[in-house]
Every structure is written in C-alpha cells, then in structure tokens.
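Here is a friendly walk through one protein model, written for someone who likes to know the cut-offs behind the words. Have the viewer open as you read.

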Amino acid sequence: MKLNHFTDFSMRVLMYLNQKKDTPQSSLDDLADTFKISRNHLIKVVQFLSANQLILTKRGKNGGITISEKAREILLGDLIHLLEQDDTPIINCDSKPCIFQPHHCKLKSLFNTAYLAFIESLNQYKLSDIEFKNWSAMF
C-alpha cells in the first residue's frame, strides 16, 4: 500500500506542529522552508487540516498555524484514513469488466481485510507516540 503525497505532507505538518512547545505557531512560509515543500501544496494541506479541525489558523500579525486538541487525540489509523480521502476499495472490480467477478474472486476481500488491519494497527497510536527524542537538534 502506498500513501499519497497529500497524506505525507499532512503528517509532516501535524508532527511538526505537535512538537512545537515554546512557539506553537508556524506560518506557511516556515513550513515550506522547513520541509522543502512547495507553498502551493501546503496551502491545500493547511486548508484541509483546518476544515477538519486538526489545526487552528489565525490571520494577521499575531497569527499562524497551531495544532488542535483534536489532532493530538485522534488515532493515527483514523487520521490516515481521513487524509487519504478515498473510500473506494483498493481493488475496484467494477471499474473495468473483470473476468473473475462472476466466479466470486476473493482478492478484493483480502485487500480490504488487510487495509482494515493496517488502520487498526495504527489506531494503537496518537501523534504523541511518534515524537522525536531530540527534536530541537533536527531544526
């Protein structure tokens, strides 16, 4: 299974904001510089995270982006599922005619079971469980 770039960027932002203790606010420019990610990509990420109450945004001189309590509490599996924004099955037997479909192929069921196990295994953790020990040395 491969997670999309949107999920990757979103996780980086949330992990970074979760680690910021002294100055909890960041700007889009700070995030883009820190992660070497296009500001335009981050705008989409920040808008989605804000719309889902995972971050708080405030405009103006004392504004910035901060992590929300919801993001600190959400289980990682649920977070990944939300970020992937795709409820279509891993294998879509209806997208193209499949010669195996009338014969009750079990491949789709096996992949769906594996995906649910993936999400369930991640649901044992929160963002705080993946904190770095020496965070300040990274930046």
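What percentage of the 139 residues of the protein count as buried? The share is 32%, where buried means under 20% relative accessible area, exposed means over 50%, and partly exposed lies in between (1.4 Å probe, protein chains only).

**Ground rules**

This is a predicted model, in which local features need pLDDT of at least 70 and side-chain atom pairs count only at pLDDT 80 or more, while totals for chains, interfaces and linings use all residues. Residues are numbered from 1 along each chain as its sequence is written, and side-chain values use heavy atoms, with hydrogens and water left out. The confidence score, pLDDT, is given by the predictor for each residue on a scale from 0 to 100. Its mean over the protein is 87, and 88% of the residues reach 70 or more. Confidence is lowest in helix H7 (residues 135–138), with a mean of 55, and highest in helix H4 (residues 69–73), at 96. Where pLDDT is low, the predicted coordinates should not be read in detail.

**Overall layout**

The protein has seven helices and two strands, which are DSSP runs numbered from the N terminus (helices: H or I, at least four residues; strands: E, at least two). Along the sequence they follow the pattern α-α-α-β-β-α-α-α-α. Contact here means heavy atoms within 4.5 Å. Among contacts between residues at least 6 apart in sequence, 66% join residues at least 24 apart.

Helix H3 (residues 39–51) has 13 residues and should span 18 Å at 1.5 Å a residue; its end C-alpha atoms are 18 Å apart, which agrees. The expected span is 1.5 Å times one less than the number of residues. Leu42, Val45, Val46, Phe48 and Leu49 are the buried residues of H3. They lie on the same side of H3, because they cover an arc of only 165 degrees around the axis; the arc is that of the directions from the helix axis to the C-beta atoms. On the face turned away from this buried side, H3 carries the exposed residues Asn40, Lys44, Gln47 and Ala51. The cover over the buried residues of H3 includes helix H1 (5–19), helix H2 (28–35), strand E1 (55–58), strand E2 (64–67) and helix H5 (76–84).

**The core**

A nonpolar core is a set of buried Ala, Val, Leu, Ile, Met, Phe, Trp, Tyr and Cys residues joined through side-chain atoms within 4.5 Å. The largest has 31 residues, and those with the most contacts inside it are Leu14, Leu49, Leu79 and Leu127. H1, H2, H3, E2, H5 and helix H6 (107–122) each supply at least two residues of this core, and H1 gives the most, with eight. In soluble globular proteins, nonpolar side chains tend to be buried together. Leucine 49 touches Ser10, Val13, Leu14, Leu54, Ile55 and Leu83, leaving out residues up to four places away in sequence.

**Loops and polar details**

Which residue caps the N-terminal end of H3? That is serine 38, with a side-chain oxygen 3.1 Å from the backbone nitrogen of asparagine 40. A polar contact is a pair of N or O atoms within 3.5 Å; within protein, one must be able to donate a hydrogen and the other to accept it, and residues adjacent in sequence count only if both atoms are side-chain atoms.

| Pair | Distance |
|---|---|
| Serine 38 side-chain oxygen, asparagine 40 backbone nitrogen | 3.1 Å |
| Lysine 36 side chain, aspartate 33 backbone oxygen | 2.8 Å |
| Serine 26 side chain, lysine 20 side chain | 3.3 Å |

Lysine 36 sits in the loop between H2 and H3 and is exposed, at 72% relative accessibility. Its phi is positive, about 55 degrees, although lysine 36 is not a glycine. Most residues other than glycine have a negative phi. Glutamine 53, in the loop between H3 and E1, also has a positive phi of about 55 degrees and is partly exposed, with a relative accessible area of 46%.

Serine 26, in the loop between H1 and H2, is buried, with a relative accessible area of 3%. Beyond four places in sequence, serine 26 touches Tyr16, Leu17, Lys20, Leu31, Gly64 and Ile65.
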